[in-house]
Amino acid sequence: MANLSQYDVAVIGGGAAGIFTAINLARLQPNWKVVVIEKTGKLLSKVKVSGGGRCNVTHACFDKKLFPSYYPRGASLVKKTVHHFFTTDTIQWFNERGVELKTEDDGRMFPITDTSQTIIDVLLREATRYQVAFKLQTAVESIKKNNHLFLIQSDKGELIQSTYCCVASGGMLNERALQWLAPMGHSLISPSPSLFTFNAPNHDLVKLMGISVPAVRVKIQGTKLVENGPVLITHWGLSGPAILRLSAWGARWLQEKKYQFTIHLNWLEGQGWNSTNLAAHFDSQRLLQPAKQLLTSSLFQLSKRLWAYFLSAAEIDEACRFGNLTAKQKNKLIKLLTDQEIVVSGKTTFKEEFVTAGGVDCSQVELGSMESKIVPGLFFAGEVLDVDGITGGFNFQHAWSSGYLAAKSMADKPLH
Ligand SMILES: Cc1cc2nc3c(=O)[nH]c(=O)nc-3n(C[C@H](O)[C@H](O)[C@H](O)COP(=O)(O)OP(=O)(O)OC[C@H]3O[C@@H](n4cnc5c(N)ncnc54)[C@H](O)[C@@H]3O)c2cc1C
């Protein structure tokens, strides 16, 4: 047959999950011929741009029971994969190969060099060491299984035959992107973007862009979705960890709503204020310090600009003193501080880290091995599965964990 090449294992996709699968498999089975098929001319291109060019490799969470709770979709799969390859294994794997990781205050882990090239270099060095073959600029167009062998056809008309096949082709941007896999009988969950910021470009608050408040409670109206954490005001709306986490947990619902929804913010959540104790506080200030100006009293650890904005939004004059504060002004200020309502209109993709929810339905995959329940010998790893984590290194950890498990499961099988 013209243009036929034969391998023991073909890995489709040269991203984090595909390369990690190939390296670990070739290490466990040094005599097997392993090839990575990549449609673009570059390997690990997302690793390169990840974490703002620093690559947030994993998250400093060392509790296997807690870890899956960071995945809005696919937690049951993650629960199994981290049993085989956890964050501690990631740290050790890179460490044994000369790459030290450091932990930032928020738990994100990066190479100490602060450049993603360090991660790319070590992965490509290991691939060379274990003689992983690569076919670049080769897009898989179809895949069939005949007589225990996979026959993979590329856009160049090339045929690649393999005993086992691992699909690690990444997130689906649209339903058509994975159509070549459909004849294998796998159901695909339709894609929804995750990890985005909320747009409210016409809201007065955006004039305060750049201000960040460390502990805000944000709730999406009409849902049970609530997050506490830092919120950053941007020139188009709101960002920061609390917003990104909400975008991940609400990815499907927010897509259904076409990103038109309302949020409620308690800007003082971190300091324990609510409408009741805040009302009592203003009443006591009125009695104890009636001559004190609201604008200059350093209340609530908010920045001066943000405090001035709240006073103005509550129609409180800059010269207003506690003694002159009317009940209407007080109530409006309390509402703004503890339950500000903002109408969101649209989303902006978070540039630092972006994933797609959706992909291969996890219920059709053996969670303990990553092997298809429908086609024996077919494996999956990484974002192609309907698995996604919140921001902070969880998406790469899923790539490492699922890739390692797929590699180990294939290595444990015989070659026939
Ligand atoms: C800008 C950005 C920054 C990010 N930063 C972080 C971060 O710091 N930490 C974190 O945990 N996560 C981060 N993520 C998410 C993370 O990058 C992904 O979850 C991860 O790369 C998924 O790895 P993967 O190998 O499954 O898929 P991918 O990295 O998408 O790799 C899949 C590969 O398959 C190839 N392919 C697709 N279809 C075919 C085909 N038909 N034939 C052949 N090849 C094919 C693609 O070209 C691609 O190279 C970031 C994402 C983005 C976009």
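The shell around the ligand splits into 13 nonpolar, 13 polar and seven charged residues, where Ala, Val, Leu, Ile, Met, Phe, Trp, Tyr, Cys and Pro count as nonpolar, Asp, Glu, Lys and Arg as charged, and the others, Gly among them, as polar. The model is predicted, so to speak of local features takes a pLDDT of at least 70 and side-chain atom pairs count only at pLDDT 80 or more, while totals for chains, interfaces and linings use all residues. Residues are numbered from 1 along each chain as its sequence is written, and side-chain values use heavy atoms, with hydrogens and water left out.

In total, 33 residues surround the ligand, with Ala-17, Glu-38, Glu-352, Glu-383 and Phe-396 the closest; a residue counts as near if one of its heavy atoms lies within 4 Å. Helices H1 (16-28), H2 (45-53) and H11 (394-411) each put at least two residues into this shell, and H2 gives the largest share, with four. Helices here are DSSP runs of H or I with at least four residues, strands are E runs of at least two, and both are numbered from the N terminus.

Now for the polar contacts, meaning pairs of N or O atoms within 3.5 Å. A ligand nitrogen sits 3.1 Å from a backbone N or O atom of Lys-39. Of the 1000 Å² of accessible area that the ligand has on its own, the protein covers 91%, going by the Shrake-Rupley method with a 1.4 Å probe.

Conventions
A polar contact is a pair of N or O atoms within 3.5 Å; within protein, one must be able to donate a hydrogen and the other to accept it, and residues adjacent in sequence count only if both atoms are side-chain atoms.
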